[in-house]
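Student: Could you take me through one part of this model slowly, namely the aromatic side chains that pair with one another?

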Amino acid sequence: MKPVLILGLLIFGITAVELESGVPILLKEIKAIKTEHTEFTFLLDLELSQGGKVSEVVSLVGDLLEQMKRDQLNDDLEYAHRTTTLGLDIEWLIIVLRNLTKERQDKNNQLSELNQILVGLQQQLDALTEQLNILNGKEEQLRQTRAQEAASYQARQENNSKVLAALNEIIPKLQVAVFDQDGKSLLQTEQFEIVEKIKRDLGHNHPIAIMVALTTKFDVPTVKRIIDKLEHIRNAVIALMQQEDEQETQSQITFQTVLQEIAELRERFSKDFEVTSQLIKKRTNDKVLLEKRLTIINRDLSLTEQLLIQTREYKEQYDAAYAVRKGKRISEIKTVQQAYDLVENHSKKHKQ
């Protein structure tokens, strides 16, 4: 109440003590005003008691009353603006909080789905790795088996070649050795030489060596039958070698076909492996970005919640301070209004 202080200064500057007509009654009425603002009524009483003119007091109190009303109006306008702004701030913070909460839920759902996808992709990658290892092991085993089969084939054909070569050499000599020009006499010396050569070439226990050795113990017809059997064996060896060649050729074709199938499967699995690896890398990067965003969201949520609490508390304090301030000013205005009405009515009556 700065105007009240000004009023007090004016009062203390008055030295006259002559009172206008009716002022004593007015003073009693002023003192009868029930108010907490006794300093105002005291100053007003002092003003009039010291001989101040009622008309001047009316003007001064009227100016004070208008100033107080203007102050209250300005305070009301400032409060309306500030409380509207604070209300909008609170509403905006609530919206931000709601959006952040929803975004966090969405990101958590995305993170859960992403983790499931990564688990599935890793399982696919593990399965592809296992398939590639199986293919590599199968190829290695296939190559070893093929090498063993090829070595076995080579050994068999070498043995068959020895037998065939021995038969091709022995049969003609045996035919010449066992018959003379008339076909009746045996040439024992040459026949024994042939037997010894067969034993050296094929071994003493070889069936053909044993069979040839028998030719030294039988007559011409029996030897002829043995020679026929040797020719049959030779033909069988030739057929067997041809069959071995055909089987070896087919084995090589099958081997190359299986190798090609393994190569095609390896290429397909390798491509799938590369694609899956790239997907895992991409999804892992997505997960890192998602986790970073969640960190930011959680930080913003915490800050927004704190700011909302602070803003609400500030608004409550501001509302409470305004209410106290307004209550006090309204009380002051009421007191000044009562005093103004008294002095104004007094002034009007004495003018008549």
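Tutor: What follows is a close look at the aromatic pairs. This is a predicted model, in which local features need pLDDT of at least 70, side-chain atom pairs count only at pLDDT 80 or more, and totals for chains, interfaces and linings use all residues. Residues are numbered from 1 along each chain as its sequence is written, and side-chain values use heavy atoms, with hydrogens and water left out.

A search of the whole structure finds three aromatic pairs, where rings of Phe, Tyr and Trp (its six-membered ring) pair if their centres lie within 6.5 Å, and planes under 30 degrees apart count as stacked, over 60 as edge-to-face and the rest as tilted. One of them joins Tyr 79 and Tyr 322, which are stacked with 3.7 Å from centre to centre and 5 degrees between the planes. This pair links distant parts of the chain, since Tyr 79 belongs to helix α4 (residues 54–178) and Tyr 322 to helix α7 (residues 220–351), 243 residues apart; helices here are DSSP runs (H or I, at least four residues), numbered from the N terminus. Both Tyr 79 and Tyr 322 are buried, where buried means under 20% relative accessible area, exposed over 50%, and partly exposed in between (1.4 Å probe, protein chains only).

Tyr 314 and Tyr 318 are also stacked, because their ring centres are 6.2 Å apart and their planes stand at 25 degrees. These two residues are four apart in helix α7, so about one helical turn separates them. Tyr 314 counts as partly exposed at 36% relative accessibility, whereas Tyr 318, at 13%, counts as buried. Tyr 79, Tyr 314, Tyr 318 and Tyr 322 form one aromatic cluster.
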